[in-house]
Amino acid sequence: MKLLELLGYYNYWVFAIALVIGLYAVISKTNLIKKLIGLSIFQSAVFLMYITMDKVEGGTAPIIKAGVEDQIYSNPLPQVLILTAIVVGVSTLALGLAIVVRVNERYGTIEESEILESD
Amino acid sequence: MDLIAHLPALQVIVPMLSAPIIVLLQPRGLAWAGATLAAVVSFAISIALAVAVLGGETQTYSMGGWAAPFGIALSVGGLSALVLLVVTGAAAIALLAARPSIDQQIELERQPMFYSAWLLGLAGLAGIVVSADAFNIFVFMEISSLASYVLIAGGPDRRALLAVFKYLIMGTIGATFYLIGVGLIYMMTGTLNLADMESRIGEVAQTRPVLVAAGFITIGLALKAAVFPLHVWLPNAYTQAPHMITVFLAACATKVSIYVLIRFDYMVFQPTMAEHDNQFALFLMPLALLGILVASAVAMFEGNIKRLLGTSSVAQIGYIMLGASFISLAGVEASVMHIFNHALAKGGLFLAVACIAFRYSDLRIQELGGVAKTMPFSCAALVLCGLSLIGVPGTAGFISKWLLITASLQSGPWGWVFVAVILVSSLMAVVYIWRIVESLYFGGSTNRDSVISEAPLQLLVITWIAALANLYFGFFPELPLALADNAADVLMGYGK
Amino acid sequence: MIFVFSLFLLSLLIIVAIAIVQAKNLFVSVMLLSIFSLLMATNFFILDAADVALTEAAVGAGITTVIFLSALALTAQRERKVVGGRNIALIAVAVLASLIIYATFEKPRLGDPNAPVHQHVAPWYLEKTPEYIDIPNIVTAVLSSYRGYDTLGEVFVVFTACIGVLFILGAKPASLRGERNAERAGLRHHLIPQVVGRLLVPFIVLFGLYVQFHGEYGPGGGFQAGAIIATGVILYALLEGEAAALRAIPRSVLLGLVVGGALLFGGVGVVCMLMGGAFLDYSVLQSDPVWGQQLGIVIIEAGVGMAVCGALLSIFHAFAAREIAQ
Amino acid sequence: MTPENTILIAICLPLVGMLGIIIAGRFSANLRETVTLITALCLVYVVWSLLPELMAGGRPAVEVTQLLPGISIAFRVEPLGMLFSALASGLWIVNSIYSIGYMRGNKEKHQTRFYACFALALSATMGVAFAGNLFTLFLFYEILTLSTYPLVSHKGDANTVRSARVYLGVLLATSIGLFLPAIIWTYVIAGTGDFVLGGILPGKLQDPEVGLLLGLFVFGIGKAAVMPVHRWLPAAMVAPTPVSALLHAVAVVKAGVFSITKIITYIFGIEFLFDSSSSGWMFYIAAFTILAASIVALRQTNLKRMLAYSTIGQLSYVVMAAAILKPLAEVGAAIHMVAHAFGKITLFFAAGAIYVASKKTELYQLRGIGKRMPWTMTAFTIGALSMIGVPPTAGFVSKWYILAGAFQAQNTAALFTIIGSTALNAAYFLPIIYMAWFAKEESGGKDHGEAPFPAVLALTITAMLTLAFFIFNGPVIELESQVVQGLAP
């Protein structure tokens, strides 16, 4: 049980660390695509947090098996939320990349520092 | 179920389901007509909703027939009704006036997508306002955000792209922070419904995840609401957006985030968490005051008229936050009223700017000398809305400033400091509005032929409707006041 | 054993994340990001979230990577060296990390059946679904009925992104150079990918259809199916060339799919309203409420699948067409 | 026409006139000026028709709208406001006649804007005069400030615009920074801002705060030009002379001292202020302003700037008279508004007439001008004598009442101030009069005669009024005595 407990914390820590790695990339990188890559990590980390909560000891995926009694199922709700969040994430990313492509066309670069100089 | 009962759902569904149809309307002008129709219908729905909740009853709706907390519930009270009026009103007004300006700025073949994104933005904002479910708010927040990125990216200048990229990054960080906060609360309470959260959060209110969640939600929403100093995305985005989009977004986009912030905080955290109201006030009040002063000061020196007005919005958001941070009936009422009145004033101002921009593409103030001679009506509307922004008596802006000052004085020993800040910033507002007026009316008219070439009638008429609304609600503020009263009662009433 | 494996995977996740940020070559970063998503998906699977794992694999590792790569093809491959500003960023994120880790110590421990999330709302779903909706996959039930409104919102997020990308990339490019046009005919001249790919594409599409219609019983549903089918078509486009893919499914059909899917979903909701229920209350569709629910779920899942597949493909083609135009 | 309607008509009439002027301005200058004169005549008729009601003790009042609970736009006519409105509207006619001569004589541009803004300023003046509460007063006070900016910056060159910005900046900054907080404070402690005889503050405010609030009011009402917020008035002298004459001798500056007097009598209450120890400073600051402004005026070389500083000093007479806080002095304050208005408008008219005829603006240029412009300089002499307070001019009457009030209060400082300032006034006016009539004109100057006829007509009328008021002042004193009725001497 100790191991499971540790693992539980470990999941959250990995969430925290991945989150800030992503955020760090967003803040400190000046390449626009790199910023979006950072944003992608940042969002994925949150998915891990949600999914970590749905786990129940001895449980299984929440797909009801006919005729099996006393089966413990994991929580379906966080899964539903994250399904939505994943799609939201990829949508944002696609839009961001489309903007970056246009930035590159109009400015000839995707480095923020160079763009700011040319304006 | 009768039609009235369906109104909260229709408020979102009408613009949302119109959006895919609009994309298919290729022939010239049809997309605009369709989008405008949808927006006007939404506006009518929000008026009906406002009338329905004036009695003080909250309209609720269970999506899919599943009762909360199992399904997603919608609820519309006084506060939501007022914000809905602002959102749908801004969309309807801007769309009604939009065609000439948009024809000028967006290529014809891209217009259907543009108008569709506009409706999606409207649907997203309306969806946030009616929702009573924390996660559902996130989903609609994303619809509205993505749509506004698209709309701003329609700006003709290449700087629009950079502005929108920055907005996208900041907006996504804000939304993700909100999502983390909601996740942490869900972890501790097992529910996503706001009312259910309020009732279940009590026993775990002092646990660390909930404390951290409160922080994440406040910061995330403050980022989306452009509360100083998290506002850096706003002036650029407003400056570079197509003119009519600036009208729409400036009138309502950040206000919806403020609405969520106020609602979440007053409803879920304050009644349950000891000392939270003090922490909330302590956190927001300095930011609000700094925002009011710094942004007003910066606005005095801005060169571009749109950027100036955008920066002034940051200060105005400060007023709204200041009212909210008093945690009192009068404060909340002032804050809610200012949401309404600032939308009127800023929407009108940007409409007038759109009129001017229709004829003069360079919007730097010193380049606009003597424009009043060629566009007397547009400039007069700009002056009228400018007076409202300053808060001159007889305009809508005065009502909320007066309420805010009264609330400040009731807030305790520091009241006079707040009043001083409000007055100083009003003075600064006089200066920056005056700079515009002076240039328009008394500026160098060297190369202006005095042949009157006003903006198209469609644009002008709508601009004047907005300008006169500033006067009307300056003299007859009963309707928004009643809703704001109701909102303040409800917000201050949680947990009591 | 599985926990040790999980521990290992999570550690790897961090290492990969650091590598992504450190890599100077953007192409490498994107490939690593794809691996990051796969690791994430594996983790989700270990945590009993089969549906999410499937989606993360299809969307995160598949579609995201493809879009990133097509954007990279249009921009730069390497990032420039950054000067300054790192320390502030480091301090900011360190504060954030410690704040979150501070919060973890009062969280319910992993898998605790007494955690609030397992006590409230969720048990109701597990208990009542057989009675009200009667489909085995509870995730699908929650997704498409209890929280169907969220899913509708999600479809519209994808829709917004789709028309957004089309709108933004619909602007006329600054310069039109047609010279690369001829070279970009896919991987037709490479024999092995060609053969393997040709074999794979139909299976992927078939698998997608299976996932679509099996969503009520096992992991899967509209999103995953849409993403998987889109992946299949994109693979086809990579093999046979952009033009061939567009011949197979023209742009107008794609747009039709997106609009049709979104309207189908919304339309079901409106029909429910007209038949006297609340918006998206499928029970009123049939005389037997349970059948009504099942019917509604099948239809809206189809709508979701259409919309997601069409949107993702439209986005991909918008980027790919830009590539040719340059 | 009930008295209630009359009030609203008096405020709206100039607005209607303004529209008429704008429309008429598109067709012909003659038509435009006819509209101005007709509007002015109608306004006088409307305003003066209220007089019998007031004399009989009536106080017509009307509430237009309530914005928020407790905050309304309301009007109420009382003797002070009646006097102010009658004065401003009456002199508008004379001033319009003068403007026609001046503006045409100088071939000024933007004349339509000039007449239109003038009408707007008059509407605002009526609003200030009839305001029934502090809020309404403030509203029209600000409209008056804004509507006069285009008049001050009329010339439009860089120097003018800079001065006009000083004008606007000082007036707006003081009104929003000090006047508005004072109003808010009043509403908060009294719960109302209505003008009630005897005041609304007695019993609600303690001692150091009384002085503080009074300070906010006195300095916040920048139009009264109490030092150190007087800088806008010399700056405003860049305006065309008719503007200086009506607005900066009558409407705008009188709106300032009128507001202070009204606030002292109707918000604080004279007796309440007299009894509180922290309000005494107001008297000294006014006395200081009188003397300092007179000394500064001595050193001026430009005629209009000298008149501006003279105005500052004369305005503080009113403030000082009000600050003596005795019934006779309050009557004196009201009468001095009238007396100074007649005298100073005459002086400005004369200065403008000199400018139109000879383009002369500096004092040293005036040598021997009396022979070329006898009508103008005679009027100027009468105005100057009134400023000094020599009988038989209007200035003597008001100074007499103020002195009487000072005796009532046994205020020797007031006595010395009045005597000192009279000497100083004499010191800067008498040399000019002497120079104009008896000095020999420098050779090589422009050959000129009198100013255009309308201008001369106007200044003759006001000079006559200055003389007439010495004798026919009974009704005014009777009316104003109503304000202080029932108060212990």
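How many residue pairs are in polar contact between chain A and chain C? The count is 15, with both residues at pLDDT 80 or more. Keep in mind that this is a predicted model.

Let me stay with chain A for a moment. Helix 3 of chain A gives the largest share, 24 residues. By type, that side of chain A divides into 53 nonpolar, 17 polar and 10 charged residues.

Now the extent of the contact. Chain A brings 80 residues, and chain C brings 96. Together the two chains bury about 8000 Å². Carbon and sulfur atoms account for 77% of that area. Within chain A, Y24(A), K55(A) and L83(A) lose the most area to chain C. Those three together make up 8% of what the chain A side buries.

K55(A) comes up again. The count of salt bridges between chain A and chain C is one. K55(A) forms a salt bridge with D48(C), and the closest N and O atoms are 3.1 Å apart.

Next, a quick geometry check inside chain C. Take helix 12, residues 251–274. The helix has 24 residues, so at 1.5 Å a residue it should span 34 Å. Its end C-alpha atoms are 33 Å apart, which agrees. Several of its residues are buried, among them L254(C), V258(C), F265(C), C272(C) and M273(C). The buried list also includes glycines, such as G261(C), G266(C) and G269(C). After helix 12 of chain C comes G276(C), with a positive phi near 100°.

On to the other pair, chain B and chain D. Here 24 residues of chain B are in contact with 26 residues of chain D. The buried area is about 2200 Å², and carbon and sulfur atoms give 84% of it. In chain B, W402(B), L423(B) and F442(B) lose the most area to chain D, together 27% of what that side buries.

What about polar links? Across the interface of chain B and chain D there are two residue pairs in polar contact, both residues at pLDDT 80 or more. The elements of chain B that give two or more residues are helix 16 (396–410), helix 17 (415–442) and helix 18 (457–475). Helix 17 of chain B has the largest share, 10 residues. That side of chain B divides into 20 nonpolar, three polar and one charged.

Last item. One salt bridge is found between chain B and chain D. R165(D) forms a salt bridge with E438(B), the closest N and O atoms being 2.2 Å apart.

Note on methods:
Residues are numbered from 1 along each chain as its sequence is written. Chains are lettered from A and ligands numbered from 1 in the order in which they are written. This is a predicted model: local features need pLDDT of at least 70, side-chain atom pairs count only at pLDDT 80 or more; totals for chains, interfaces and linings use all residues. Side-chain values use heavy atoms; hydrogens and water are left out. Contact means heavy atoms within 4.5 Å. Buried area is the accessible area (1.4 Å probe) that two parts lose on being put together, summed over both. A salt bridge is a side-chain nitrogen of Lys or Arg within 4 Å of a carboxyl oxygen of Asp or Glu. A polar contact is a pair of N or O atoms within 3.5 Å; within protein, one must be able to donate a hydrogen and the other to accept it, and residues adjacent in sequence count only if both atoms are side-chain atoms. Helices (H or I, at least four residues) and strands (E, at least two) are DSSP runs, numbered from the N terminus. Ala, Val, Leu, Ile, Met, Phe, Trp, Tyr, Cys and Pro count as nonpolar, Asp, Glu, Lys and Arg as charged, and the others, Gly among them, as polar. The expected span of a helix is 1.5 Å times one less than its number of residues. Buried means under 20% relative accessible area, exposed over 50%, partly exposed in between (1.4 Å probe, protein chains only).
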